[in-house]
Amino acid sequence: MNIAENMYVAIDYTLTLESGQEIDKSPAGQPLGFITGTGQIIPGLEKALMGRAAGDNAKLIVAPEEAYGPVKDDLFQDIPKSQFPTDVEISPGMAFEAQGPRGPFMITVAKVNDNDTITVDLNHPMAGKELHFDVNVVEVRQPTADELAQAAASFSSGCGCGCGSDDAEADACGSGCNCG
């Protein structure tokens, strides 16, 4: 059976950047399961998996536009230093969890300014990055009623990143935030 729309798929994968740095990996014996067409994985990976079957291995490259989108300059914002913990020396590259109207989201320090502000990057951490997947398709089958119900529930409640909204926090996920 080949991967097609509305199929249950389980994959073992390793995700690396172009540099070879490993970013993520499915735990041994615990493949990532999802239903195609429900926005549970980034669009470019799902598209590259279509037509494959259980037992197939593939090295796939997903462009930023098919993953978490390009880096958006308008998602760099200056925030007063007073909004950050006072017991921590803030430096570029540090990540903090912020609270937004849709729940927590991550921000990354881009620059510490001389004017008592900190420039933060609200882009998804993988925005602008080409993603390299080494994938083994473990299982392809029709989803069960329970799996379909879970996928529908997660789709209707959203992914928490606010896709489709006009605010910066919502855009922070990029175009591949998997809200559907």
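**Exercise 1.** Work out whether phenylalanine 84 and phenylalanine 96 are buried or exposed in this predicted model, and how their rings are arranged.

*Solution.* Start with accessibility: phenylalanine 84 and phenylalanine 96 are both buried (under 20% relative accessible area, with exposed over 50% and partly exposed in between; 1.4 Å probe, protein chains only). Next, take the rings: they form an edge-to-face aromatic pair, 5.3 Å centre to centre with 80° between the planes. Ring centres of Phe, Tyr and Trp (its six-membered ring) must lie within 6.5 Å to pair; planes under 30 degrees apart are stacked, over 60 edge-to-face, the rest tilted.

**Exercise 2.** Describe the aromatic pair of tyrosine 13 and phenylalanine 133, and find which strands hold the two residues.

*Solution.* The pair is tilted, at 6.4 Å centre to centre and 55° between the planes. Tyrosine 13 belongs to strand S1 (residues 8–17) and phenylalanine 133 to strand S9 (residues 131–141), so the pair ties together parts 120 residues apart in sequence. Strands here are DSSP runs of E, at least two residues, numbered from the N terminus. Both tyrosine 13 and phenylalanine 133 are buried.

**Exercise 3.** Find which ring arginine 141 lies over.

*Solution.* Arginine 141 is over the face of tyrosine 8, 4.0 Å from the ring centre (the criterion is NZ of Lys or CZ of Arg within 6 Å of the centre and within 35 degrees of the ring normal).

**Notes.** Residues are numbered from 1 along each chain as its sequence is written, and side-chain values use heavy atoms, without hydrogens and water.

Technical notes
This is a predicted model: local features need pLDDT of at least 70, side-chain atom pairs count only at pLDDT 80 or more; totals for chains, interfaces and linings use all residues. Helices (H or I, at least four residues) and strands (E, at least two) are DSSP runs, numbered from the N terminus.
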